[in-house]
Amino acid sequence: MVSRPVEPTYPLLAKQMKVQGAVVLQALIGKEGDIQDLHVLSGPAILSAAAREAVKQWRFRPYLQSGQAVETEARITVNFTISTQ
């Protein structure tokens, strides 16, 4: 459960090139709810860095197992779409 999401900044070049899509990341979330490790699994390379930078700042509610906070893994998808408005 994300307690503090951070929106990614759409890279200007990607916007100009009209690149859209989803970046899928694999995250290791520590006992305190912070990102310990983060890897890009798939998605447009031009958007990957922006997705990583945003998700690295996210904070999660600690995952509890038998009442104890434990590390957990999560797959996170960051969608980039260009607004037509």
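Ile76 makes contact (heavy atoms within 4.5 Å) with Val23, Val24, Leu25, Ala27, Val55, Trp58 and Phe60, leaving aside residues up to four places away in sequence. All this comes from a predicted model, where local features need pLDDT of at least 70, side-chain atom pairs count only at pLDDT 80 or more, and totals for chains, interfaces and linings use all residues. Numbering runs from 1 along each chain as its sequence is written, and side-chain values use heavy atoms, with hydrogens and water left out.

As for aromatic pairs (Phe, Tyr and Trp rings, the six-membered one for Trp, with centres within 6.5 Å; planes under 30 degrees apart are stacked, over 60 edge-to-face, the rest tilted), the count is two. Tyr10 and Phe80 sit edge-to-face, 5.3 Å centre to centre with 85° between the planes. This pair links distant parts of the chain, 70 residues apart: Tyr10 lies in the loop between strand E1 (2-4) and helix H1 (12-16), Phe80 in strand E7. Trp58 and Phe60 pair up too, and are tilted because their planes are at 50°, with the ring centres 6.1 Å apart.

Relative accessible area is 15% for Tyr10 and 2% for Phe80, so both count as buried (under 20%; exposed is over 50%, partly exposed in between, with a 1.4 Å probe and protein chains only). Trp58, at 13%, is buried, and so is Phe60, at 8%.

Key: Helix = DSSP H or I, 4+ residues; strand = E, 2+ residues; numbered from the N terminus.
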